[in-house]
Amino acid sequence: MSAGEADGDADADAGGGVAPDARTAGPRRSRAGTLKYVAGAVLWGWVLLRWGNDWLGGVFVPRGQAFVPPATVAGLGDAIPVLAGVANGLAFAVHYLPNLMNAMWLTVVLTVVSITLGFPLAVALAAARSYGHYTGWAALGFVELFRGTPLLAQLFVLYYGLPWLPAFFRNLPFVGEGIVPAQAVWVAVVGFTLNSAAYQGEYIRGAIDSVDPGQLEAGRAVGLSKLGSVRYVVLPQALRYAIPGWTNELVYLIKYSSLAAFITVPELLYRAQAFASETYRYTELFVLAGVLYLGLVVTASSLMGYVEGRVAIPGLGNAEGR
Amino acid sequence: MSDDPLVRVDDLHKRYGDEEVLKGISFEMDRQDVQVLVGPSGSGKSTLLRCVNRLTEFQGGEITLDGTPVTEMDVDDLRRQVGMVFQDFNLFAHLTAKENIMLGPRRVLGKTEEEAAERALDELDRVGLAAQADSYPAELSGGQKQRVGIARALAMDPKLMLFDEPTSALDPELIGEVVEVMEDLAEGGMTMLVVTHEMGFARAAATDIMFLDQGRIVEHGPPERLFENPEHERTAQFLERLTRLHGETR
Amino acid sequence: MADPVLALGALSADWRYVFGNVDYLLGGLWVTVGLTVASLLVGFVAGLPAAVVEVYGGRYSSALVRNVGVVLRGTPIVVIIMLAYFAFGISPAFLAATAALGFRSGAYQTQIFRGAIESVDGGQMEAARAVGLSKTQAVRHVVLPQALRRSVPGFQNEVTIVLKDTSIAFAIGLAELFTKSADLYQSIGHTTATFELIVFISAIYFALTFVTNRSLEALNDAVAIPGGKGR
């Protein structure tokens with residue numbers, strides 16, 4: 001509690017001598033915020049246009065070809081010699097971006113599908129950890145196993161160590177045909193789903209534990225069953241508290257989906273690496289891939305920040321956070 | 001030189017953004033004076049205190065300590081000479097009572113470990129807490145914490161002590177032990193500028209009481225006059241209400 | 001006394017292959033542990049000052065630290081490792097992996113320390129300044145000792161993340177535990193031992209994270225301030 005809070009004094013700000021001046025931070029941040037939204041809108045506008053173009057069989061330009069020909073961009077460098085290096089790099093980017101964008105689509109699919117499938121599993125794990133006895137121990141074992149070993153090892157076990165798993169997916173109808181991805185993608189989804197369920201489960205459990213135990217008691221007191229109290233009273237509060245942790249997990253999964261490249265999933269990193277070994281232009285391609293991942297991460301955390309604001313319960317601070 | 005007042009505040013103005021919280025405050029304090037500041041919430045009492053040791057900066061007017069404007073003094077040097085006691089104690093949470101008191105003498109005055117420890121034990125003895133020397137703040141009661149806070153300030157041999165509502169965060173039964181220490185200090189000749197609602201302390205120890213409202217001094221004078229014969233009806237009402245709420249703690 | 005060779009005989013050929021190569025794998029374990037420790041040190045040396053700058057620094061210095069942090073935290077570690085090795089040409093691979101894991105960890109440790117510094121009550125700084133400590137002294141003697149104690153749980157988490165992510169140095173062929181296990185199952189005639197090898201090294205990672213967690217929890221209790229609520 002700060003000094004002035006007790007009597008609601010104007011003196012509350014008196015620590016101003018040592019604290020950085022908060023007043024100047026406001027408008028600056030919002031200007032940077034506006035910039036971020038404009039950049040985000042431009043990026044995503046272009047990404048969607050790109051995806052739209054390639055899905056619909058190339059409405060604007062042929063599939064995989066840039067909207068602006070790389071030569072034009074390179075020509076810019078000839079016109080203004082000072083910018084030759086920059087233009088050259090840009091022309092390179094323009095040439096490879098359309099292909100990387102299609103790989104990024106797979107990155108997005110991997111992430112979204114895995115975190116979505118992992119979520120119900122995570123809620124079950126969290127509930128078992130908080131309320132179960134034997135199921136609690138089982139859930140603890142699962143969580144510790146997946147959080148205590150490298151994700152790369154998990155993917156390798158599933159793909160190379162258990163040959164029947166990719167074989168099972170390969171034998172399913174349509175797998176690897178048309179828009180249905182090949183078995184490696186399915187194995188990656190299994191790995192990411194299990195792994196992210198373990199992490200999501202821990203965030204949700206932390207949030208469940210942060211809900212006042214009196215809430216469960218009050219739920220029981222109005223006649224709800226234990227399960228009903230958890231479902232209608234505790235979880236609606238806990239899931240809100242879990243959002244910051246859950247956002248962390250989403251960001252984590254976007255970044256670590258890149259490990260699927262090592263089990264031959266042709267996602268963003270895989271493609272960047274493939275182009276890099278063709279052209280030996282490692283710097284440009286890894287920087288490009290890095291920027292695209294960064295764009296995904298920043299977008300995801302901004303979106304989740306917005307969601308958190310929308311579902312916040314008035315007057316209830318975010319108890320947990322992380 | 002020593003005939004000069006120890007503290008002179010002249011036409012002090014302080015703003016937070018557009019809001020002016022101190023609108024021209026002037027007063028003087030001689031050595032051994034005990035100046036009590038009272039006033040409603042938001043009247044600017046704590047801000048005034050923090051202007052004196054420059055925990056907050058002010059925009060207009062002047063404050064001098066021993067004839068030197070505080071704005072011309074090195075800020076660390078100023079705070080070496082002016083002790084402060086906080087409403088919510090602000091004891092260093094990771095240090096024992098003794099170490100709390102030793103930190104300033106060790107790091108600011110450059111005393112040796114032994115000197116600082118000896119001094120700390122003397123000060124703890126003075127506030128009646130010699131037995132708690134090795135306790136951490138979280139192991140002390142509120143009243144004990146505040147007495148350590150006072151000892152911490154005293155160990156720097158300050159010329160002036162600032163008290164920012166030292167008893168406001170305490171349970172009623174713990175206020176007495178802190179007020180007692182403050183009265184002993186006043187009796188011993190310490191110059192003190194005290195923001196408090198403790199009218200018992202004000203009657204017993206204050207040389208002057210200043211009533212502040214909305215950033216201005218409403219009335220300023222010795223306790224007898226302000227309690228018995230105030231010029232303003234507002235002063236009478238405010239002091240009467242404080243006495244009713246905070247006067248009879250012992 | 002059971003003959004160890006006999007006991008091994010009871011296992012499948014693949015498990016015998018794993019246990020026959022324990023020494024080879026342990027060589028990788030030391031690289032893994034060394035890489036973890038080196039990266040955490042780099043991260044600490046970079047992260048603690050960065051956190052102080054982010055909290056107490058000027059407008060531009062703290063914005064710089066913040067933005068570098070966003071980039072390092074928003075880019076997959078495998079991309080950072082590959083950039084360090086292939087693009088920036090840092091070599092040998094151990095150095096590239098240390099730089100990549102270290103600075104990425106630095107960005108996360110900055111977050112941990114910043115949160116801890118901000119959780120120290122503002123009154124602590126004010127009181128330190130009031131007894132005459134300079135701002136630097138106040139940070140050094142009052143704020144950081146409390147903040148570092150509160151950082152232990154976050155740091156614990158960071159240690160296990162770095163430990164597990166050392167396996168990604170596989171991408172640049174660094175001979176740590178994971179790469180060494182891959183070497184073994186990729187040798188001719190032993191591809192069937194993939195499952196056994198990876199389960200075996202996973203158990204080692206698991207044991208390491210378990211031991212790390214218990215030790216840091218013990219450290220957390222040891223440095224707790226008496227009477228404090230802890231965190």
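Across the interface of chain C and chain B, 2 salt bridges are found by the rule. The model is predicted.

- One side-chain salt bridge joins Arg129(C) to Asp76(B), at 3.4 Å from N to O.

**Make-up of the chain C side**
- Helix H7 (122–130) and helix H8 (135–165) of chain C each give at least two residues to the side that touches chain B.
- H7(C) provides the largest share of that side, 7 residues.
- Sorted by class, the side of chain C that touches chain B comprises 9 nonpolar, 9 polar and 4 charged residues.

**Extent of the interface**
- In total, 22 residues of chain C contact 24 residues of chain B.
- About 1900 Å² is buried between the two chains, and carbon and sulfur atoms give 61% of this area.
- Glu126(C), Ala130(C) and Val131(C) supply 27% of the area that chain C buries against chain B, more than any other three residues.

**Strand E3 of chain B**
- Strand E3 (residues 34–38) of chain B is mostly covered, with 5 of its 5 residues buried.
- Val34(B), Val36(B) and Val38(B) point one way from E3(B), while Gln35(B) and Leu37(B) point the other way.
- E3(B) pairs in the parallel sense with strand E8 (residues 191–195) of chain B over 4 bridges, and Gln35(B) stands opposite Leu193(B) there.
- E3(B) also runs parallel to strand E9 (residues 208–213) of chain B, joined by 4 bridges; in E9(B), Asp208(B) is the bridge partner of Gln35(B).

Notes: Residues are numbered from 1 along each chain as its sequence is written. Chains are lettered from A and ligands numbered from 1 in the order in which they are written. This is a predicted model: local features need pLDDT of at least 70, side-chain atom pairs count only at pLDDT 80 or more; totals for chains, interfaces and linings use all residues. Side-chain values use heavy atoms; hydrogens and water are left out. Buried means under 20% relative accessible area, exposed over 50%, partly exposed in between (1.4 Å probe, protein chains only). Two strands pair if DSSP finds at least two bridges between them. Contact means heavy atoms within 4.5 Å. Buried area is the accessible area (1.4 Å probe) that two parts lose on being put together, summed over both. A salt bridge is a side-chain nitrogen of Lys or Arg within 4 Å of a carboxyl oxygen of Asp or Glu. Ala, Val, Leu, Ile, Met, Phe, Trp, Tyr, Cys and Pro count as nonpolar, Asp, Glu, Lys and Arg as charged, and the others, Gly among them, as polar.
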